[in-house]
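Here's a quick briefing to read alongside the model. Have the structure open and click through the residues as they come up.

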Amino acid sequence: MPRQRPPRSLAREARRRRTRGVSRVPDVLTVFGVPWVLARPGVPRAFARPDALRAFVRQGAPRWRSTAAVFTSMTALAATSLITGPALAEPLFSPCALRRSEAHHSEGLDTWNADYPRPIRPLDAVLVYLSFPDSRPRTTPAELAADYFPATSQFFERASYGRFTLRPHPQRDWIRMPHASTSYAIKRDWNAARRGAYLRDAVAAADRRVDFSRYDIVYFVADPDAPGVDSDATKVVNLDTPIEADGKDLRRVVTVFEKHPPDRLVLAHETGHVFDLPDLYHRPTDGKGDWDTYVGDWDLMGSQFGLAPDLFGWHKWKLGWLETRQVACLREHGTTRLTLEPLGSGPVTGGVGTAASGAPVSVASTAAQAGPAPALGSGGPTSDSEGSASASGGSVPGPGTPGSGSVSGKSAPGSRARASALPAPSLPAPSVPAPSLPAPSLPASALSASAPSLSVSGAVLPTSAPGARIFGSGRGTKLAVVRTGPDSALAFEARTSTGNDGATCTQGVLIYRIRSEADSGGGPVEVVDAHPHSESCWGESVYPPLADAPVGLGESFTVPGEKVRVEVEDRTASGAWTVKITTG
């Protein structure tokens, strides 16, 4: 017969006996100079700053901040399960939240840089189309709008799990600049004085029709067929001296010189800079060599052409799209078993999201949200990095850590199979009828094609697309972090063909290094290749050597130069990954 459940009073007495004699004075762990209060067995964990340690003892008797202690301990319990040593899933101000440095677009996230808008609320973007006296436009603003929307808004809605909506407000008509396109000497490394003149002329010409005070983001989209326009010059310009318009200081403008049709997701890449995200590509000093050696296909800020362009989990944490309980901060010594949800899966509160299985999820349109009524047309930026009206900062070379790690459990050397050809995980037989699974996900281009078409009616441009219902919670642990130094960390996340990664070449647990002291373009993030002796997806990947970087199902990998070992043990019925990480 089954074991009888003890009465509550007996259970309480049993707990008192087990914990009798256990010290209630907290231990203090110092991680890179930051003291953290830990609990001994049976005592909840709590976060404490140095000047707050005295709060735990009052007149010789222990005193706990019960609400904070219970919340923190429950967060850690929900995020991880312990094997030999405890692992912490701390809130944002945890040992794993690297300090934001003075580097341009620092990857530190302990605080938000208030000079940039944080995409945790709907933001309104105006697209202003500029023509020139030396060229008659061969495209219309509406045609350029269709190049970028709804695809750009959809990308951010999927990446943010519906927490952020980019609302485009493109102008209907071309606005004529006072000088010929060739007079501005537009090019990638643009002269600051010429660029400043271009922006002042653009603001002055548009100010008669555009109320800049109503918008959070400004895109100036040049006639793509004008003779002086260079598509390599698209970038975000940070103004040392703001331009005043309609009572608002414009400190940051996206200048767009893209051809028609443009590079895929180029507008999303440039908008990432508006949110303080750095360039993750490597720009060879001599103009030769490969640009994608840092992260390959694995983040939009590395390449808008990547097969898996969803933003890194670290970036989603920085932008406020991951809840604190979805980030597991692991201690320096011990073994932790995690269940990592695919980064691209999750429920959506607005717009388009992706189920754990990878299918797009449709929810109510954002057209009814409050905001300025748009005019119609559109436009989008282009390829590379962000610039400044003054001299741009120098690059910081990447660490260049040689990869000497090896993967065990790999069936055969050589290129790995595509994600679609990988064997399905072994799933337990359900005791109830299995739910009907949604169809496989579609790439962003397909979603754009299936979304409602643009119309010259003044309505908000659509940001939603049809899709299937949500499968899985989507609110589990998305990111695991191990601190490796005062300004560095290792991150672990599961990447599959879900969400923005619908065209990914391989899937598994991706590992990458973060350095908060590195400037944009200087290697602030570098993907760790778990298969350094093989390549994958030639002809599709932007950098085949990193296309098969993730640790696959049944494999184990020791990170070169670090005492960190990763084992990918299993997959759950909902598509999550069971991972064991050993540190120290």
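Let's start with a disulfide: the torsion about the S-S bond of Cys-505 and Cys-537 is about 70°, so this one is right-handed. Keep in mind that this is a predicted model. A search of the whole structure turns up 2 disulfides, and there are 15 aromatic pairs as well.

**Disulfide Cys-505 to Cys-537**

- The sulfur atoms of Cys-505 and Cys-537 sit 1.4 Å apart.
- Cys-505 is in the loop between β18 (488–495) and β19 (508–515), while Cys-537 is in the loop between β20 (525–528) and α9 (544–547), so the bond ties together parts that are 32 residues apart in sequence.
- Cys-505 has a relative accessibility of 2%, so it counts as buried.
- Cys-537 is buried too, with a relative accessible area of 11%.

**Disulfide Cys-96 to Cys-329**

- Here Cys-96 is joined to Cys-329, with an S to S distance of 2.0 Å.
- This bond links distant parts of the chain: Cys-96 lies in the loop between β5 (81–82) and β6, and Cys-329 lies in strand β11 (residues 327–330), 233 residues apart.
- What is the handedness of the Cys-96 and Cys-329 disulfide? The torsion about its S-S bond is about 80°, so it is right-handed.
- Cys-96 and Cys-329 are both buried.
- Counting bonded cysteines along the chain, the disulfides follow the pattern 1-2, 3-4.

**Aromatic cluster**

- Which residues form one aromatic cluster? They are Phe-132, Tyr-184, Trp-190, Tyr-198 and Phe-257.
- Among the 15 aromatic pairs in the structure is the one between Tyr-184 and Tyr-198. Their ring centres are 5.2 Å apart and the planes meet at 85°; that angle is over 60 degrees, so the Tyr-184 and Tyr-198 pair is edge-to-face.
- Tyr-184 is in the loop between β7 (166–176) and α5 (192–206) and Tyr-198 is in helix α5, so this pair ties together parts that are 14 residues apart in sequence.
- Tyr-184 and Tyr-198 are both buried.
- Tyr-198 also pairs with Phe-257, and this pair is tilted, at 5.5 Å centre to centre with 50° between the planes.
- Like Tyr-198, Phe-257 is buried.

**A charge over a ring**

- Over at Tyr-116, the charged end of Arg-252 sits over the ring, 3.8 Å from its centre.

- You'll find Leu-130 in strand β6 (residues 123–131).
- Is Leu-130 buried or exposed? Its relative accessibility is 0%, so Leu-130 counts as buried.
- Apart from neighbours within four places in sequence, Leu-130 is in contact with Trp-174, Ile-175, Met-177, Tyr-198, Ala-202, Phe-220, Val-221, Ala-222 and Asp-223.
- One of those contacts, Tyr-198, is also a member of the aromatic cluster described above.

Technical notes. Residues numbered from 1 in each chain as written. Predicted model: local features only at pLDDT ≥ 70, side-chain atom pairs only at ≥ 80, totals over all residues. Heavy atoms only, no water. Phe/Tyr/Trp six-rings, centres within 6.5 Å; stacked < 30°, edge-to-face > 60°. Helix = DSSP H or I, 4+ residues; strand = E, 2+ residues; numbered from the N terminus. Buried < 20%, exposed > 50% of the residue type's maximum accessible area, 1.4 Å probe, protein only. Lys NZ or Arg CZ within 6 Å of the ring centre and 35° of its normal. Contact = heavy atoms within 4.5 Å. Disulfide = S-S within 2.5 Å.
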